[in-house]
Amino acid sequence: MGKEHFFLELEPPEERLRRAPHVVIIGGGFAGVRACKALANTEVRVTLIDKRNFNLFQPLLYQVATGLVSKGDVATPLRQLVGRQFNVQVLLGEVTQLNPQDKQIVFNNKSLSYDYLVLATGSGSTYFGHEEWRSFAPPMKILEHAEEIRRRLLMAMEQAEQTPDPNARQFLQSVVVVGAGPTGCEMAGAVSELMRNAMSREFKQLNPDQTKIYLVDPGERVLRAMPEMLSKSARTTLESLGVEMVFKGRVQSMQPGEVMISTPNGDQCLQAATVIWTAGVRPSHLGRNLADSIGCELDKGGRIVVEPDFAVAGHPEIRVVGDLCSYRHTTNQTPLPGMAGPATQAGGFVGKDIAALVSGSSRPTFNWFDFGSMAVLDRVAAVADLRGFKFSGGIGWMCWALAHLAFMPNPENRITLLFKWLVAVVSQQRSSMLLTGMPSQHIDIDAPDAHFPMQPGLGPSIAAPDAALQAAMKYYSTQIAGIASQPMAAKEGSEEDSTAAIK
């Protein structure tokens with residue numbers, strides 16, 4: 001017998017909405033927020049549910065990970081975005097079950113009924129059946145991922161600063177980025193800027209020339225979705241930043257400090273203290289949950305196949321938008337790409353369509369406007385393909401900056417982002433280089449080295465390397481330097497002394 005749930009009966013935001021149609025929107029990303037705003041002047045009761053209380057501008061996560069901006073610059077509380085609408089109520093929780101037959105959803109062990117349901121829960125990261133790699137190579141999907149990557153990068157540099165062994169420093173200054181799509185290219189360029197330029201004046205022992213950044217991809221070029229001309233321009237820019245390309249490379253195995261890649265020329269072992277994963281995307285688990293409930297069609301990637309109005313076949317009251325849907329009703333029958341632009345447009349359309357159904361007015365038709373695609377590569381260069389117009393270098397960067405500022409939902413963040421970008425261009429310095437949290441902060445709260453130990457004196461120092469970096473250091477000691485793991489006497493300043501120090 002399944003777990004019992006109690007029905008959630010909440011007061012409507014306004015009394016006149018007590019008998020109004022109830023629209024439940026799950027997910028406060030680009031699509032969910034835009035659907036809410038499209039219903040702003042409609043006599044419906046809207047409940048927005050998300051497991052976070054903020055909207056995240058995901059395209060700029062890599063800038064949080066590399067210290068260019070802070071988390072507050074890319075995240076805005078949902079109640080500030082839509083909470084002031086007379087018909088919207090925001091609830092914090094994670095939806096675990098869908099009951100389309102009863103028109104109910106379950107979250108936080110509570111049941112909530114709906115008249116219309118909008119699923120906008122986005123996507124997560126996949127490791128193609130190797131989930132054990134997740135702890136070695138954090139992905140780039142949520143704010144905590146970006147902060148974890150930043151902690152690993154900065155802590156590796158802090159440890160490199162205090163070892164006299166140049167080989168150990170080079171290992172600690174080495175980074176592997178898996179995936180050469182827009183996120184991977186942006187991350188590789190930003191890491192190079194961080195480790196070669198922005199930190200060269202602050203760290204006295206680090207030699208920018210010792211930094212090694214590998215960009216691994218199974219394809220033959222970076223940014224495969226873009227025209228070949230822009231792909232070549234992006235590669236040239238990244239290589240000028242010192243990024244080494246590993247094409248036709250597939251990850252075969254991974255352990256702390258090492259990534260084994262298979263290539264047409266044989267296996268290649270990449271040794272680095274930090275590994276970042278940007279290669280795989282999976283749809284939200286609610287897609288499979290809905291398919292199990294009503295037998296709706298899923299594509300090969302697990303996304304829900306939808307009708308021209310984003311409804312699920314046989315259930316016009318359920319709409320699916322964003323990365324969770326497979327929408328092929330475009331002019332060339334190709335599915336909508338999983339980007340901010342299509343998600344925003346789909347969310348706005350669904351909100352307007354539901355408003356038309358409620359009011360009895362004529363329904364709109366969805367026409368996707370393809371703005372194009374772009375990727376920034378360093379502080380003054382980007383590539384952009386805007387409806388056939390191709391730009392690179394400084395002009396590409398200006399197009400990229402204007403587009404991202406336009407999509408940013410919070411006007412205040414637009415101002416702070418523009419200011420920080422301009423400062424970074426002029427000074428080559430980064431504004432958010434704080435090392436916060438405790439080592440191994442992904443461990444449960446009961447662990448002595450969790451975020452904030454409840455009892456002083458338990459667990460490691462807040463300045464200690466986390467478990468991931470310690471494992472990478474151990475790998476360097478035993479596999480690269482060939483030094484036994486037990487403590488050993490060594491002369492001051494020797495390679496053995498350095499290895500013992502970073503352990």
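Tyr127, Phe128, Trp133 and Trp277 are joined into a cluster by ring pairs, where a pair means Phe, Tyr or Trp rings (the six-membered one for Trp) with centres within 6.5 Å, called stacked if the planes are under 30 degrees apart, edge-to-face if over 60 and tilted otherwise. This is a predicted model, so local features need pLDDT of at least 70 and side-chain atom pairs count only at pLDDT 80 or more, while totals for chains, interfaces and linings use all residues. Residues are numbered from 1 along each chain as its sequence is written, and side-chain values use heavy atoms, with hydrogens and water left out.

- The pairing rule gives 16 aromatic pairs.
- One of them is Phe30 with Phe57, an edge-to-face pair at 5.5 Å centre to centre and 75° between the planes.
- That pair ties together distant parts of the chain, 27 residues apart: Phe30 is in helix H1 (30-38), and Phe57 is in the loop between strand S4 (54-56) and helix H2 (61-65); helices (H or I, at least four residues) and strands (E, at least two) are DSSP runs numbered from the N terminus.
- Phe30 and Phe57 are both buried, meaning under 20% relative accessible area with a 1.4 Å probe, protein chains only (exposed is over 50%, partly exposed in between).
- Trp133 and Trp277 make a tilted pair, with 5.9 Å between centres and 55° between planes.
- Here the link spans 144 residues, from Trp133 in the loop between strand S11 (123-125) and helix H4 (143-161) to Trp277 in strand S18 (274-277).
- Both Trp133 and Trp277 are buried.

- Setting aside neighbours within four places in sequence, Trp421 has contacts (heavy atoms within 4.5 Å) including Leu60, Trp397, Trp400 and His404.

**Confidence**

- Mean pLDDT (the predictor's confidence in each residue, from 0 to 100) is 88 for the protein chain, and 89% of its residues reach 70 or more.
- Residues 442-447 stay under 50, with four contacts beyond four places in sequence.
- Residues 485-503 are also below 50, and this stretch has 34 contacts in the model beyond near neighbours in sequence.
- Where pLDDT is low, predicted coordinates should not be read in detail.
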